[in-house]
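Hello,

Here is the structure I promised to hand over. Have a look at it first, and then read my notes below.

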Amino acid sequence: MDISAPHGSKTTRIGHMFEDADQETLARILAWRDKPAKHQPAWPNTEELEATLSYLSTLPPLVFAGESDQLKEKMAAAGRGEAFVLMGGDCAETFADCRADRIRARVRTVLQMAVVLTYGASVPVVKIGRMAGQFAKPRSSATETYGGTTLTSYMGDAVNGHEFTEEARTPDPRRLVEAYQHSASTLNLIRAFTTGGFADLTKVHEWNKGFMANPAYARYEALAGQIDRAMRFMKAAGVSDESFRTVDFYSSHEALILPYEEAMTRIDSRTGTPYNTSAHLLWIGERTRELDGAHVEMLSHVRNPIGVKLGPTTTAQEVRALIDKLNPMGEPGRLTLIARMGASRVCEVLPTLVEAVKADGRPVTWVTDPMHGNTITASNGLKTRRLEDILAEIRGFFAVHREAGTYPAGIHIELTGDDVTEVLGGSEEIVEDTLGERYMTLVDPRLNHQQSLEMAFLVAEELQQHLA
Ligand code: PEP
Ligand code: CO
């Protein structure tokens, strides 16, 4: 099947997408095209790309703008200290892992972490998957060389294949349609799981079935026992609430491949304003957050809640300029700043930024990404992270906010629901020698199921202290 140009559509890309948009709105949506865009694939065939984008622009939105507005309100509540954000999922989703068991395992891990946080710290948890669209990756080098052959680096399944062959590594626009389709089916299953009974709080025990005994699980079992008792008490007392049976679960990914993100932008019929409908929340990565770059330009014109990653070289001036550009009116919940400083830098670098934002006065939602500043190479050459560094960065993040009197509103992490061996440490200790046993990631190392739970307990303790 030729998925790049079905039904022989001849309509131009712009005409298709924005027939409802006035000239001014249209100019804003397309403004990114005049700005430098980093980390874009060199598509070999632009005609095929255009036809594909034209097709994508006719497809139904993956999310509804009203849902993004709801999430924005929840992000605003988190920014005020009334909720806590839990964003998690793969570094890079793959088409091959778009399977019910894998998706279920990741959703379950996020739900279990959320239960630990909700029960442990008595705050509502805003659950967001790095899922249903996280198919594109910026790479530190555009090419990779093995045995004298140089090929384009793997940029995520939305762009090219991981296999080290010229054919696989050549960017193929049909993959954008496949990314859309895999996003749609992932999101469909997430919606089914989270509203169809799987997320029922009376099932907290079942979520841990099949995992072997270890200290993090014993702790989870004890907590699940307490929740069970509380649920039985509420039932006996006549409390029955739909919110115990279903959860709101939102999608997010890095807005990297801009033509795809443009093709997924729609004018919301309720408000006449543009929304990116490929996910509820989009973020700008550390490598593409230049003020005058195309990524910042694009997300400045959509109404979704958005995030920006901030690495250790970020200056207070840059943060203020990002707020000016991305949230000039100071709309609560619009802008999430995701600090990824590294355990050794967080206490030195973050305070200045937090103080600058506090002085500015416009609200932001501060989230920590304790993964990307703590990546190391093990002696066997595998890319890894130490759980203790990850936890240390989280502690540092909380300490900085405690000092500043501001609220640490959430965590952004890379995890999988499976029993992989990618991150060093944990109560079921993974050491350099065992790292290779179940090292499955194509890009960054992820917390496994048990390490994720261990982290949730630590965050719940920090949060409890912070709120005390
Ligand atoms: C990521 O989130 O996978 C990523 C590439 O992060 P950063 O932009 O913070 O480096
Ligand atoms: Co990553």
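**Cavities and the metal site**

By class, 3 nonpolar, 2 polar and 2 charged residues make up the lining of the second largest cavity. This is a predicted model, where local features need pLDDT of at least 70, side-chain atom pairs count only at pLDDT 80 or more, and totals for chains, interfaces and linings use all residues. Residues are numbered from 1 along each chain as its sequence is written, chains are lettered from A and ligands numbered from 1 in the order in which they are written, and side-chain values use heavy atoms, with hydrogens and water left out.

The residues lining that second largest cavity are R28, I29, T265, E297, M298, H301 and V302 (lining residues have an atom within 4 Å of a point on a 1 Å grid over the protein atoms alone, and a cavity is a set of points where a 1.4 Å probe fits but cannot get out). It holds about 50 Å³ of space.

The largest cavity has about 100 Å³ of space. Of its 13 lining residues, G133, A136, A158, Y260 and E261 are the closest to its centre. With 4 residues, α7 gives the most to this lining.

Now for the cobalt ion (ligand 2): its protein donors are C91 (SG), H372 (NE2), E414 (OE) and D444 (OD), at 2.1 to 2.4 Å (donors are N, O and S atoms within 2.8 Å of the metal, or 3.2 Å for Na, K and Ca). C91 is buried at 0% relative accessible area, and H372 also counts as buried, at 18% (buried means under 20%, with a 1.4 Å probe and protein chains only).

Best wishes

Definitions and conventions. Buried < 20%, exposed > 50% of the residue type's maximum accessible area, 1.4 Å probe, protein only. 1 Å grid on protein atoms, 1.4 Å probe; cavity = no way out; pocket = protein on both sides within 12 Å on 5 of 7 lines; lining within 4 Å. Points joined across faces, edges and corners; volume = space filled by probe spheres on them. Helix = DSSP H or I, 4+ residues; strand = E, 2+ residues; numbered from the N terminus. Nonpolar A, V, L, I, M, F, W, Y, C, P; charged D, E, K, R; others polar.
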